[in-house]
Amino acid sequence: SGMYGGEMTEKWSYLAIAGGSTACEDDADTSYLSGLLMGGGMYTLSDAWTLIAGAGMLYSNAPDVGFEDFSILDDPPKVLPIPVLGVQWNQDAPSGWSASFIFPMEAKVQFKTADQRFTASIEAFEQVADLKVQFSPMLATTLTCALNDGSAYRLAHDNVVLPVDTDEAYLKRDRGLAELMLNVTLPGNFSIDIGPYYAFNQELSVVDKHAKDVHTFELDDSFGAKFEIAWSL
């Protein structure tokens, strides 16, 4: 994924977002493709308030599975146009409270201390809360709790758990996740996150192309560890 934006005037700025992903068990011919393309403008009302408006498109080659958040649609298309509307408050403030509501992407409240050593936030759409402690410009730690850490994968056409008379089905993973990560920022815009996690309320579901459950398995709570490395422009 990528994001690009900039200022056009003292009051107006723009932002464009594009991304895509695939999650599959076997090879490309059984892939699960999804993507998004969004763009919009931002207007600064005051030092504290910003308005956002734009439009976007979501893509999924399995619409019923990829667009489950839009369950009001009986037969979703592969390409789903959506409006982008939002308002932000106090986003550029170095400390204190701030808030952001951008449909359909974000509903977030955040608090920073004056020295920016402690940051806490709650994201309602994603059901995520986190607390970050910054020890130095290079070192921080983050405690995160996500109530809905979900994902979906396209199963290979010959997988034994596929429903009868079909070669198209998906494995969905739903769980809650609490993790404590050590965040290391390196020169050259590299970052490393490493730490333990605890997974709870875990379920694995095999669903057909209409997102209807075929098999569901409940898993025990478990501990694990994560290691992530990232680079940005």
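1. The model you are looking at is predicted. The patch covers about 1200 Å², and its members include Phe-227, Ile-229, Trp-231 and Leu-233. Along with β15 (222-231), the elements that contribute two or more residues are β12 (169-186) and β13 (190-208).

2. Now find Leu-233, in the segment after β15. Is Leu-233 buried or exposed? Its relative accessible area is 89%, and the cut-off for exposed is over 50%, so Leu-233 counts as exposed.

3. Next, the aromatic rings. There are eight aromatic pairs in the model. One of them joins Trp-12 and Tyr-43, with ring centres 4.9 Å apart and planes at 50°, so this pair is tilted. Trp-12 belongs to strand β2 (residues 12-22) and Tyr-43 to strand β3 (residues 33-44), and the two are 31 residues apart. Both partners are partly exposed: Trp-12 at 42% relative accessibility and Tyr-43 at 28%.

4. Tyr-32 is in the loop between β2 and β3 while Tyr-170 is in strand β12, so the pair ties together parts 138 residues apart in sequence. Tyr-32 is buried at 10% relative accessibility, and Tyr-170 is buried at 0%.

5. Tyr-198, Phe-200 and Phe-223 make up one aromatic cluster. At Tyr-197, the charged end of Arg-175 sits over the ring, 5.4 Å from the ring's centre.

Definitions and conventions
Residues numbered from 1 in each chain as written. Predicted model: local features only at pLDDT ≥ 70, side-chain atom pairs only at ≥ 80, totals over all residues. Heavy atoms only, no water. Patch = residues over 30% accessible without salt bridge, like charges linked within 9 Å, V, L, I, M, F, W, Y side chains within 5 Å. Areas by Shrake-Rupley, 256 points an atom, 1.4 Å probe, with all protein chains shown as cover. Salt bridge = Lys/Arg side-chain N within 4 Å of Asp/Glu carboxyl O. Helix = DSSP H or I, 4+ residues; strand = E, 2+ residues; numbered from the N terminus. Buried < 20%, exposed > 50% of the residue type's maximum accessible area, 1.4 Å probe, protein only. Phe/Tyr/Trp six-rings, centres within 6.5 Å; stacked < 30°, edge-to-face > 60°. Lys NZ or Arg CZ within 6 Å of the ring centre and 35° of its normal.
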